Amino acid sequence: MTMHKQVARAAAKPAHSTGPAAIEATGLVKRYGSMRALDAVSMRADRGEAVGIVGPNGAGKTTLFGALAGTFPVNQGSITYHGKVITYESAATRCAMGIARTYQVPRPFIGMTVFENVLVAARAGGGRDKAEAADFAAHVLDETGLMKLANTPAAAAGLLDRKRIEVARAMATSPQVILLDEIGGGLTEAELVELIVLIDTLKAGGMTIIWIEHILHALLKVIDRLICMSEGRILAEGDPHDVMENPAVRRAYLGSDPE
Amino acid sequence: MFDGVLQALLQGGLLGGYYAIIAAGLSLMVGVVRFINLAHGDMAVLGAMVTITLTEVGGVPVLWSIMIMLPAMALMGWVMHATLFQRAMRGGFLLPILVTIGLGAALQNGMFGLWGSNTRSLGASIGELSWASWILPGGIILGKLPVLIFVTAVVVIGALHLMLKKTKLGRAIRATASDPEAAEMCGVSSRQAHRAAAAIAVTLAALAGVFLAMRGQVTPYSGPAQLIFAFEAVVIGGIGSLGGTLIGGMVLGVSQSLGGLISPQGSLLAGHLVFVSVLIWRLSRDWARDHGGWRASLAISAIKLRRRLTGGAPAPDRAPSSKGAA
């Protein structure tokens, strides 16, 4: 058992480490009782890089996002953002520094319009003053195709629009790193294409993207590097196609042995 | 008789302004912070006691006393939340109740220790405002103080509504009320939003306490009764709705004053009865909504009741049958 853990830790060291990463996690451990949701996870994303994360349910992907975004405090390990240690900063502070995230199940603010949802993020997270925030929120609504819904209650939006609100709110905080949690799930193929266009725009704008996704073909269109997680550990990482060909990944994630 | 009812309606409606102010703070805490502060009434009394002391002992004019007391109470609300409520909220549903009951007891006994058990009032300090009135056609008497309190209630609740709707802090508070974690991810510190809401709530309680002491008397133990009135107004008006809280306060006030017409003891009883009726109505409406509407849910209930009365005859398809085996 101990041997096994040591091997896993050794394997989890970052693949390359040149210059400060946009965001870097080292040896993250998150325990829930006796279960280790994160078991010494180390990963990094460089500036402007798009990193995909795959793995079976319960692999610790969303827990990793919670740790990076600051919503779950970790038991061990450290997180740096552009070389600065942020392990103990609150989620709101990390957001103001430039880390944004979206949720797998969209969580719009109920009782607010779509515009207000984005405005909150533009003012609090983006640190803009009143007039500037309103202009920027409108700009983000244009980019995410939500302008026509601006003054409707967020609670009334459909699934695609709720996902767009998630992305719009994250964008409104002017992030440098954006964490996307299964943003493509539950969408039709046509809707997915629209979403990929939007994410490509973010990437073209120089944003660092970390994207958890089960829909591989969508993920592979955008990402530069792929990480596969399983049981709280990093199983493999590197070139997306190499990772998907890795026998351990195929066993854990696809549930099948390579032919 | 008619004049008496009209008078009671008017006075009750105006009294509702007082209830609305004390209830607005409670409503904000329940609706936004999801925290029930059972010491809310005691904080109202503390506000009154501080104002009375500043005026009577310090010789500060009443208006200035209030202006000094309100920010101090806001600060106290902020600190209370940062030190006590925030921790209590992390400890499950029972801890906030125990902590705020304890806080209420500490406040009551602390005030008793400081100021003794005598009844105190601001009535003497506000001169003719405490009894002056307008006489309307038909002999209807309209007290100037109740009108002032009611107007203040409308202004305060309107301002609070605008603040929540239009300002950065208001949106932060509403975002936090909807989803604290998602709000954090938008850069809103949910702790700061909660502390701000607690500061506003305690300020409103203290303002209500001042009006209570202007209208009549307070003792260190007046708080729990005010808490009950505040809860009743919040529930009648609907939790989380500020406009509803104003209406809830007025309904409570009118019920009490109409009850007072029936018998001198009827006043409080009538208020409580209206509260219980509204509560039962809301619960049964929700029950009916979750069971396919009134007609369907009542029909099923009637069938269930009949079965119970007739000895619970088993349903036909559950009866043992030899044919069923094949």
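Chain B and chain A meet in a contact that takes 16 residues from chain B and 25 residues from chain A. Contact here means heavy atoms within 4.5 Å. This is a predicted model: local features need pLDDT of at least 70, side-chain atom pairs count only at pLDDT 80 or more, and totals for chains, interfaces and linings use all residues. Residues are numbered from 1 along each chain as its sequence is written, chains are lettered from A and ligands numbered from 1 in the order in which they are written, and side-chain values use heavy atoms, with hydrogens and water left out.

About 1,800 Å² is buried between chain B and chain A, and carbon and sulfur atoms give 61% of that. Buried area is the accessible area (1.4 Å probe) that two parts lose on being put together, summed over both. Which residues of chain B lose the most area to chain A? They are B:Arg171, B:Met185 and B:Cys186, together 36% of what that side buries.

B:Arg171 also takes part in a salt bridge, with A:Glu116 (3.7 Å, N to O). The count between the two chains is four salt bridges. A salt bridge is a side-chain nitrogen of Lys or Arg within 4 Å of a carboxyl oxygen of Asp or Glu. Seven residue pairs are in polar contact across this interface (both at pLDDT 80 or more). A polar contact is a pair of N or O atoms within 3.5 Å; within protein, one must be able to donate a hydrogen and the other to accept it, and residues adjacent in sequence count only if both atoms are side-chain atoms.

On the side of chain B that touches chain A, the elements giving two or more residues are α6 (168-178) and α7 (180-185) of chain B. Helices (H or I, at least four residues) and strands (E, at least two) are DSSP runs, numbered from the N terminus. By class, this side of chain B has six nonpolar, three polar and seven charged residues. Ala, Val, Leu, Ile, Met, Phe, Trp, Tyr, Cys and Pro count as nonpolar, Asp, Glu, Lys and Arg as charged, and the others, Gly among them, as polar. Overall, chain B has 12 helices and two strands. Its C-alpha trace spans about 95 × 60 × 40 Å along its principal axes.

Now turn to chain A. It is divided into domain 1 (1-96 + 179-196 + 209-259) and domain 2 (99-174), with bounds from an automatic or database domain assignment. Their contact takes 23 residues from domain 1 and 14 residues from domain 2. The two domains bury about 1,600 Å² between them, 57% of it on carbon and sulfur atoms. In domain 1, A:Cys95, A:Leu179 and A:Ile183 lose the most area to domain 2, together 30% of what that side buries.

How many salt bridges are counted between the domains? The count is two. A:Arg101 forms a salt bridge with A:Asp181, the closest N and O atoms being 3.4 Å apart.

Four strands form it in the order β2-β1-β4-β5, with antiparallel pairing. Two strands pair if DSSP finds at least two bridges between them. The edge strands are β2 (35-45) and β5 (84-85) of chain A, each pairing on one side only. Five bridges join β1 (residues 23-32) to β4 (residues 76-81) of chain A. A:Glu24 stands opposite A:Thr80 in β4(A).
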